Amino acid sequence: MNKSSLTPPGVSMELHAGNRERLVAALSAHLSASARPLRGVALLKGGEEQNRYCSDHVELFRQESYFAYLFGVLEPGFYGAVDIASGQSILFAPRLSPDYAIWMGVKTLSYFKDRYKVDFVFYVDELAQVLQCQFSANGETPLLFLLYGQNTDSGNYSKAASFEGIEKFDTDLRTLHPILTECRVIKSDMELALIQYANDVSSEAHIEVMRKIKPGMNEYQLESIFIGASRYRGCRHCSYTCICATGENSSILHYGHGGAPNDRTLNDGDMALMDMGAEYNFYGSDITCSYPVNGKFNSNQTMVYNAVLKAHNDVISHMQPGVKWIDMHKLAEQRILESLKKENIIQGDIGDMMNRRLGAVFMPHGLGHLLGIDTHDTGGYPEGLEKPKEPGLKSLRTIRELKEGMVITVEPGCYFIDTLLSHAKDDPISSKFFNWEKIEIYKSIGGVRIESNLYVTTQGCKNLTNCPRETWEIEAVMAGAPWHSRDLLSNTTTTENGLPKA
């Protein structure tokens, strides 16, 4: 393992207490604006452990994200409540058997109260009684605000909390989800610190893969290097399934799934597309690096890579509060088309190509997505925003205006995907824009994606990701040059081949 100055930061439960305070403030403001009484309890159910099908093998548990945001609880089987009037917080822990204590260990209620810094802790089987006694007003049972709403990325719905005796309470299924979702969009300083650490770990892990990759290895070995480096630095979970795509596999946007398990052998001359991110204390990162397996860009690889890099850099230079994300997506498309036209891979008027949505042939995914406790974090399409229907644009995970405090990925790509190219070739109007002989030459590259994580600031943005991006930087690092920051490496005197001088 390479030496690293990274030490996992301590995590204060003040982070989650602050998240609860923001929820109470937002709910109170909403109720006041709606002329509704400032009373009720937000009640959420945490995640449950899952067995592998019918076996007794328990999958590694990761907390449900909304519950993690408010309470930071690591263990499964909990409920959590926040009283709107007082701001008091309660956790309800599962009552576990003595046998469970032998195999897994059991912690006391006082431990959970101290660990998670809540006001009260009870057992789950006491939930109805506690809510009735603790938060009844004038003899009325408290109104329960339950989390129920659609995730606009997956289309799935969050599961509202349910418990024995819930029928005795009035419930509200409409209010909590959009308000809590919006709370998650803007990151606090403490949240940002965890996202930054996940980025620091992931950046170092990507560089470790970059230094060790060589022809003859298998893609799963690259995945192993990344996961090992991340776990060594305190990140037990990855933010998502690792994508370790080489050669034509890099034209498969979410390669690495169960049916394509990062198992190809690397060939000399391949491009590698490494999309991997570590998660620390629930908060994630999402970073993609693309580079040649043999450490040297050839002319065709350089052209495609620089086309994507220009799009990546130009988008970042335009980012600031008030900018519409859909405009940034179109800017990225335009820059990639302009670069391809310079190399005579496509031909004709760029404006006509944009109107025909031909940018989506080369970049069918959205430019980026909100990032936080989930890789594709919530809040991309609040009420009133509708997904576009045009090719490419329909894949955007948000079309919001940027706001200070958002964390969002910038991940333009250029791919040579047979399905999309064949469709364009069959279209008599679209086909004329393509130089099909050149297209065939570039197909073996597969695809290039460059992805960084950006924090939107008052006047611009801050790049949280620290990986080499220029082709000469990548070649230098792959050859053994040090990498600490872009400024440090860029200020180093180098030899003609880009390596630092002794």
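These legends go with a set of close-up views of a predicted model.

**View 1. Helix α7 packs against helix α8.**
Start with two helices: α7 runs through residues 189–212, and α8 covers residues 219–232. Their axes sit 9 Å apart, at an angle of about 145°. The crossing of α7 past α8 is right-handed. On the α7 side, look for Val201, Ser202, Ala205, His206, Glu208, Val209 and Lys212. Their partners in α8 are Leu222, Ile225, Phe226, Ala229 and Ser230. Sort the residues of this contact by type and you get seven nonpolar, three polar and two charged.

**View 2. Phe434 belongs to the largest nonpolar core.**
That core has 79 residues, and Phe434 is among those that touch the most other members, along with Tyr291, Met319, Trp325 and Phe362. Leaving out residues up to four places away in sequence, what does Phe434 touch? The list is Ile345, Ile346, Gln347, Leu358, Val361, Phe362, Leu421, Ala424 and Ile439. Another core, of 48 residues, lies apart from the largest one, and its members include Ala42, Tyr116, Val118 and Ile195.

**View 3. Asp125 and Arg95 form a salt bridge between two loops.**
The structure holds 25 salt bridges, if you're counting. In this one, N and O are 2.7 Å apart. Asp125 sits in the loop between β4 (120–123) and α5 (127–135), while Arg95 is in the loop between β3 (89–93) and α3 (98–104). The two residues are 30 apart in the chain, so the pair links distant parts of it. Is Asp125 buried or exposed? With a relative accessible area of 55%, Asp125 is exposed, because the cut-off for exposed is over 50%.

**View 4. Asp314 pairs with Lys310 inside helix α9.**
Here the closest N and O atoms are 3.3 Å apart. Both residues belong to helix α9 (residues 299–318), and they are four residues apart, about one turn of the helix. Asp314 has 16% relative accessibility and counts as buried, whereas Lys310, at 39%, counts as partly exposed.

Glu440 is partly exposed, at 47% relative accessibility. In general, side chains of opposite charge can pair when their charged atoms come close.

Methods: Residues numbered from 1 in each chain as written. Predicted model: local features only at pLDDT ≥ 70, side-chain atom pairs only at ≥ 80, totals over all residues. Heavy atoms only, no water. Axes fitted to C-alpha atoms, helices over the stretch in contact; angles between N-to-C directions. Left-handed = near helix turned anticlockwise from the far one by under 90°. Contact = heavy atoms within 4.5 Å. Nonpolar A, V, L, I, M, F, W, Y, C, P; charged D, E, K, R; others polar. Core = buried A, V, L, I, M, F, W, Y, C linked by side-chain atoms within 4.5 Å. Buried < 20%, exposed > 50% of the residue type's maximum accessible area, 1.4 Å probe, protein only. Salt bridge = Lys/Arg side-chain N within 4 Å of Asp/Glu carboxyl O.
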